Amino acid sequence: MSQSAVGPGPSGDVHWKRYLILIWLSQCLFQLSFSFGIPFVPFFMQEIGVPQSELPFWVALFGGTPSLAVLVFSPFWGMMANRYGCKKMLLRCYIGGVVVLCGIALCSSPQWMIVFRLLQGIVCGSVPVALALASSLVPKERVGFALGVVNSSTFSGLLFGSFFGGIAADIFGYRMTFLLSGIPTALSVLIMIFGVKEYFTPPAKEKTVGNPLRAQWKKMTLSHWQTMLVLPILLMVSMTMFGRVFDHSFLPLFVQEIHGGIKGAATWTGIIQALAGTAGVLAGLVAGYLSDRFDPGKTAMSMAGIAALLLLSIAFTPCMGYLVLMRTLANFTVDCIEPSLQVWLCRKVSLAARNIAFAWAQSIRSIGGFVAPLAAGLVVRCFGLRLLFVGSACIFLIVMMLCALLYRRERNHSRHHLHPGGNPV
């Protein structure tokens, strides 16, 4: 093994592997908490009396609300991470998660569910902060690996949370399931406080010249040339998120339709989500490995094309076994796309700008997350549940074409900036 593989990260700490594992564990527990109860909200809404005629509206609104808040607040939290450090921002996410989950457990109307879901979007955007923290601790040649590991934590939590959450919901009911879901997030708080050391130096205070609001805005944004470099990737991140969540909010209702009733549907939904989490864990690691060794744009392009074919096949699901298999394969390919795009993004900005870049990626990503459930609700109302998967397939075809265009442009640009001998100008 080379010295760089075991040596210190950018922070100079040789314990970066231990910190990476603890970041993964805290994120895994945090995501486990939300996947323990959130996937079963459509069933919870039916339990508290939401009529079937209004259910698509409330499910769509519940699915899109947090992304609207993330769109507004993510750049602000990116600026706060630059000022106070990523560790404190992760603690803010985890403590807020406990409040949100326990609050949903006490709701007796869909309106209050939306309020707490909005609060989730405001305070619980942990992924970009965890990505920035991990990338600052590992050697630069292992950034792809680190981002893959952190991304896999999301799906590791989904794996265990959805499986056991579905069983708990069928046995104990939905309120108790949400109350129990706050426990893992409380453990994340303890891990982050006592386990992870961040080497953070607060920036020197600058004397504000001119408009103070404009000065704050500059701290929350990238430079003009950095924006031009990353803007196409941010567009693909948003499109990928749109495709990922387009059918996500309505998957429990699709399971209920294929299964033939609501009894036992939560368990089947949990199984599907758990297998999707398994696929996501593998996808994060595979995408990180491939992106460290090959062009991340090529990886994203290939996976988007395969995902489109698999999602199209789900529209013709004949039985539950077919749905479980194809959904798992589709999730694997979809979940390989975003880590590849994140590595692509990392290669275009400096280490100092990554907090802001990831924050803007999360913000623009949330546009897709907000619009997709609302568009999906309209599709369900007009055409039925199966047409959702045709729409998802079309979205990933667009992502594949965008990746191909950018990849080809970058290759042509590199070719034009080489001497005949192959050396850069």
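**Figure 1. Burial and overall make-up of the chain.** Of the 425 residues of the chain, 57% count as buried. The model shown is predicted. Its secondary structure comes to 17 helices and zero strands. The accessible surface is about 18600 Å². Carbon and sulfur atoms hold 70% of that surface. Take the contacts between residues at least 6 apart in sequence: 85% of them join residues at least 24 apart.

**Figure 2. Helix H2 packs with helix H7.** H2 spans residues 16–37, and H7 spans residues 127–137. Two packed helices are described by the angle between their axes and the distance between the axes. Here the angle is about 170 degrees, and the axes lie 10 Å apart. H2 is therefore roughly antiparallel to H7, because angles over 145 degrees count that way. From H2, the contact is made by Trp 16, Tyr 19, Leu 20, Ile 23, Gln 27 and Gln 31. From H7 come Val 127, Ala 130, Leu 133, Ala 134 and Leu 137. By class, this contact of H2 with H7 has nine nonpolar residues, two polar residues and no charged ones.

**Figure 3. Helix H5 packs with helix H6.** H5 covers residues 86–105, and H6 covers residues 110–123. Their axes come within 9 Å and cross at roughly 175 degrees. That makes H5 roughly antiparallel to H6. H5 brings Arg 92, Cys 93, Gly 96, Val 99, Val 100, Gly 103 and Ile 104 to the contact. H6 brings Phe 116, Leu 119, Gln 120, Ile 122 and Val 123. The residues of the contact of H5 with H6 divide into eight nonpolar, three polar and one charged.

**Figure 4. Ser 156 in helix H8.** Helix H8 runs over residues 143–172 and holds Ser 156. The relative accessible area of Ser 156 is 3%, so this serine counts as buried; the cut-off is under 20%. Leave aside its neighbours within four places in sequence. Ser 156 is then in contact with Trp 24, Cys 28, Gly 277 and Val 281. Look also at Leu 29. Ser 156 and Leu 29 are 127 residues apart along the chain, yet their C-alpha atoms are separated by 8.6 Å.

**Figure 5. Asn 331 in helix H15.** Asn 331 has its place in helix H15, residues 320–346. Its relative accessible area is 14%, so Asn 331 is buried. Not counting residues up to four places away in sequence, Asn 331 touches Ala 276 and Ala 279.

Terms used: Residues are numbered from 1 along each chain as its sequence is written. This is a predicted model: local features need pLDDT of at least 70, side-chain atom pairs count only at pLDDT 80 or more; totals for chains, interfaces and linings use all residues. Side-chain values use heavy atoms; hydrogens and water are left out. Helices (H or I, at least four residues) and strands (E, at least two) are DSSP runs, numbered from the N terminus. Buried means under 20% relative accessible area, exposed over 50%, partly exposed in between (1.4 Å probe, protein chains only). Contact means heavy atoms within 4.5 Å. Axes are lines fitted to C-alpha atoms, for helices over the stretch in contact, and angles run from 0 to 180 degrees between N-to-C directions. Angles under 35 degrees count as roughly parallel, over 145 as roughly antiparallel, 65 to 115 as roughly perpendicular and the rest as oblique. Ala, Val, Leu, Ile, Met, Phe, Trp, Tyr, Cys and Pro count as nonpolar, Asp, Glu, Lys and Arg as charged, and the others, Gly among them, as polar. Accessible areas come from the Shrake-Rupley method with a 1.4 Å probe; for residues, only the protein chains shown count as cover.
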